[in-house]
Amino acid sequence: MKGKIDINPITRLEGHGRIKVMVDDKGQVTRTYLQVPDFKGFEAFCRGRPAEEMPIITEKICGVCPTAHHTASSKALDQLFGVQPPLAARKLRELMYCAFVYEDHLLHFYFFGGPDLILGSSSPAPARNILGISDKLGPGFTSQMMRIRDKVRSITAIIGGSPLYPVSGLPGGLSKPITEQDRATIREVAEDAIEFAAKTIDLFHSRVLSSSDFRQLVTSSAFELRTYYMGMVDEADRVNFYDGIIKIVGPDGRELTRFHPQDYLYHLAERLEPWTYQKVLYLRNIGWKGYIDGPHSGVYRVGPLARLNVSESMPTPLAQEEFDRMHEFFAARPVHNTLAYHWARLVEVMYAAERMKELSSDPVITSEHVRNVPANGPIRTSTVGACEAPRGTLFHHYEIDERAIITTLNLVVATQNSAAAISMSVDKVAKSFFNYTNKETRDPNLLEMAFRAYDPCLACATH
Amino acid sequence: MAKPKLAFYWCSSCGGCEESVIDIGPRLIQIAEVADIVFWPAAIDTKYSDLQLFEDGSIAACFINGSIRMDEHEQMVRLLRKKARLVIAHGACAHIGGVYGLGNFYSTEDLLSYSYEHCPTLEHSSNAAFPSLSENSDTSMGLSRLLPMVSALDQVVPVDYYIPGCPPVPDWVFRAINAVLGTEPFPDNRIFAEKKALCDSCPRRENKPDKIKLTRFKRPHESQLDPETCFLAQGILCLGPVTRGGCGSRCISANMPCRGCFGPLDNVFDQGMKGLSFLATLINDLTPDNIDEIISSIPDLGGILYRYSLPTSILRGHVKARKK
């Protein structure tokens, strides 16, 4: 048995990966592997370090989604020290978070996954990238996209210190307040962000959804998995990135359970595979039944599509409009086609922009009082901080000693939740489109499209 | 004349260095007009087999980020060194080892066994599948293995220039690309950053006392941090005096102390040791008992002084004996 296709490395994503498709003597695909060949050991080497350093150490797992780690970690510290952030700090954290989700989702749409959609699934490899997009849509449009990303990242710099790695998270709030002038700047950027989100959604409709190639794939069973879905919702069962309750729905859309992030160990379990450093998660109470979908398999998915699938609605009007358009197109909930992740991501881009505007319109965020300093040492020895990373639910579980030094650290990072499903998606596409008994095969890029839809962060996945 | 070729590669990395290229913004499109970006896994569909086909020395410069953690990284940087006329260590990991170098406080067995045998989410029957200890014959694709220690790039291949920082500052990255393209000079000390310490350009420099004498260090979360006073004067450990400038005081401007990501100054070989000797000058009372007491008010001194530079320190790391 030999590998017929070996994609090494997989490209246009964050992190290292390799796909190998195994084929039998008759030319039939038997199994496809997506391997993550990197490992850093954060869980081990963070032990012995001060808890308050965790927001600035653990975020180095990922330079694409650092704000997710910074935020989950800061929330864990709030609980360990028993200090809730003042209202201004809570809102500033969420504001920075929405700015982050916005620019990160745009990164995916224009640099990682979008080139396959905008230029076509089998467009020539050398131009299938941001520079190809720049040629197709014009350098003016691409520059505008880069400038808006830059401006939105500057919000992270205002609140967090750096456009890339925020450092302002401390137990009980933030290390510094923002000025009225900062607030006005952010408010202005949020307006521009909404406008550009609308432009991107228009582009998706006019250039992507209108193409028969994409329409065929986005409704094809080759890209469909009927799994469980998990995501964080607010009190009205709407998408929320910063805070809420974790909800899981089944392949039929019915609620399986909802739980507080503190209870994640009762619901999620990890297993190992000898051929990858990525730990694979499944729903503990359903159990691991192998790489299969359906209600009897504990395989579940997270991220934009999963968040929309567990939510009743979006909290902001323009995002709700797009949410409705998406569901009108698919005419059924939950949406199971993996390529719908791209669309769901753009619904969230709009939500993130609208939420930035709401939060930056609130004068309370310029309050000088952005931090409650813990009166004493830690009040708990164990806690879990969680948030919705762009790629899905993120858990930071810390245990500490009386000096607030980390003794146990467990990270369940967004992409890991979808790990089994990502492998299955690639395998299903391989089995559907790649048959070596006849000579016709598709561009192997189609296999990469199967994982790219998830926007996996493989640096995070192995941490 | 053919355009010069540029390549970007990541070893064990976070993607932040790729962002520092993307954050160059619209100027990136201008670069692509005068240079060909031929290899960049984060953004471009060139595979390793395509890279093999490039003639040796045909790539003008390869910007390599990330720590050397796995054997695959070692093989890749050797290949890229052959293909590229210039190799630029891009970001703190390639420059001085980086945060993942904290793994050098442990043996690789400790790192793996904690993550794959002890994390509380793991199912109990899974030890048999411990990664990289199995031969993986069913997949015939092998699995890259951990090297005994994390290294910086120049501990594996010769490096021509360095861009410090975690993350690097896009303006310095842009200047380095311009230098490769011949429109700007290369720095004579081979490092794209300032020559002086961060302390020299710190916005709080004016109110740094001439003499600081401390009886105790405070941890950053223990008090309300004053937004204008020098951190050291507040009793908060800040590595600004022993760290190269050029970051734009990002952490300081967010009212947080420096953790040393821009690395040591010229002619300093061990950033942490330099930090420790500087620390000694801050201690009010140098009688042995008091030194111990004052120093013990900083938990995890090693993890702070060597946050980014343990692999390039004199010791390189400390391997603990495995507990029985």
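A:Lys279 lies over the face of B:Tyr116, 5.6 Å from the ring centre. A charge counts as over a ring if NZ of Lys or CZ of Arg is within 6 Å of the ring centre and within 35 degrees of the ring normal.

This is a predicted model, in which local features need pLDDT of at least 70 and side-chain atom pairs count only at pLDDT 80 or more, while totals for chains, interfaces and linings use all residues. Residues are numbered from 1 along each chain as its sequence is written, chains are lettered from A and ligands numbered from 1 in the order in which they are written, and side-chain values use heavy atoms, with hydrogens and water left out.

**Aromatic pairs**

Over all chains, the structure holds 30 aromatic pairs. Rings of Phe, Tyr and Trp (its six-membered ring) pair if their centres lie within 6.5 Å; planes under 30 degrees apart count as stacked, over 60 as edge-to-face and the rest as tilted. Two tilted pairs are tabulated here.

| Pair | Centre distance | Plane angle |
|---|---|---|
| A:Phe42 and A:Phe45 | 4.7 Å | 45 degrees |
| A:Phe330 and A:Trp343 | 6.0 Å | 55 degrees |

A:Phe42 and A:Phe45 are 3 residues apart in helix α1 (residues 42-45) of chain A, so about one helical turn separates them. Helices (H or I, at least four residues) and strands (E, at least two) are DSSP runs, numbered from the N terminus. A:Phe42 is buried, at 0% relative accessible area. A:Phe45 is buried too, at 0%. Buried means under 20% relative accessible area, exposed over 50%, partly exposed in between (1.4 Å probe, protein chains only).

The other pair links distant parts of the chain: A:Phe330 is in helix α12 (residues 317-330) of chain A and A:Trp343 in helix α13 (residues 340-360) of chain A, 13 residues apart. A:Phe330 is buried at 17% relative accessibility. A:Trp343 is buried at 2%. Ring pairs join both residues into a cluster with others, including A:Phe109, A:Phe204 and A:Phe329.

**Helix packing**

Helix α8 (residues 180-209) of chain A meets α12(A): their axes come within 11 Å and cross at roughly 15 degrees. Axes are lines fitted to C-alpha atoms, for helices over the stretch in contact, and angles run from 0 to 180 degrees between N-to-C directions. α8(A) and α12(A) are therefore roughly parallel. Angles under 35 degrees count as roughly parallel, over 145 as roughly antiparallel, 65 to 115 as roughly perpendicular and the rest as oblique. From α8(A), A:Ile194, A:Ile201, A:His205 and A:Leu209 make the contact; from α12(A), A:Leu318, A:Glu322, A:Arg325 and A:Phe329 do. Contact means heavy atoms within 4.5 Å.

**Two buried residues**

A:Ile118 is found in helix α5 of chain A. A:Ile118 is buried, at 2% relative accessible area. Setting aside neighbours within four places in sequence, A:Ile118 contacts A:Phe109, A:Ile133, A:Lys136, A:Leu137, A:Leu203 and A:Val208. Its C-alpha atom is 9.2 Å from that of A:Ser211, 93 residues apart along the chain.

A:Ser121 lies in the loop between α5 (114-118) and α6 (130-137) of chain A. A:Ser121 is buried at 5% relative accessibility. Not counting residues up to four places away in sequence, A:Ser121 touches several residues, among them A:Asp116, A:Arg128, A:Asp213 and A:Arg442. The C-alpha atoms of A:Ser121 and A:Arg452 are separated by 12 Å, with the two residues 331 apart along the chain.
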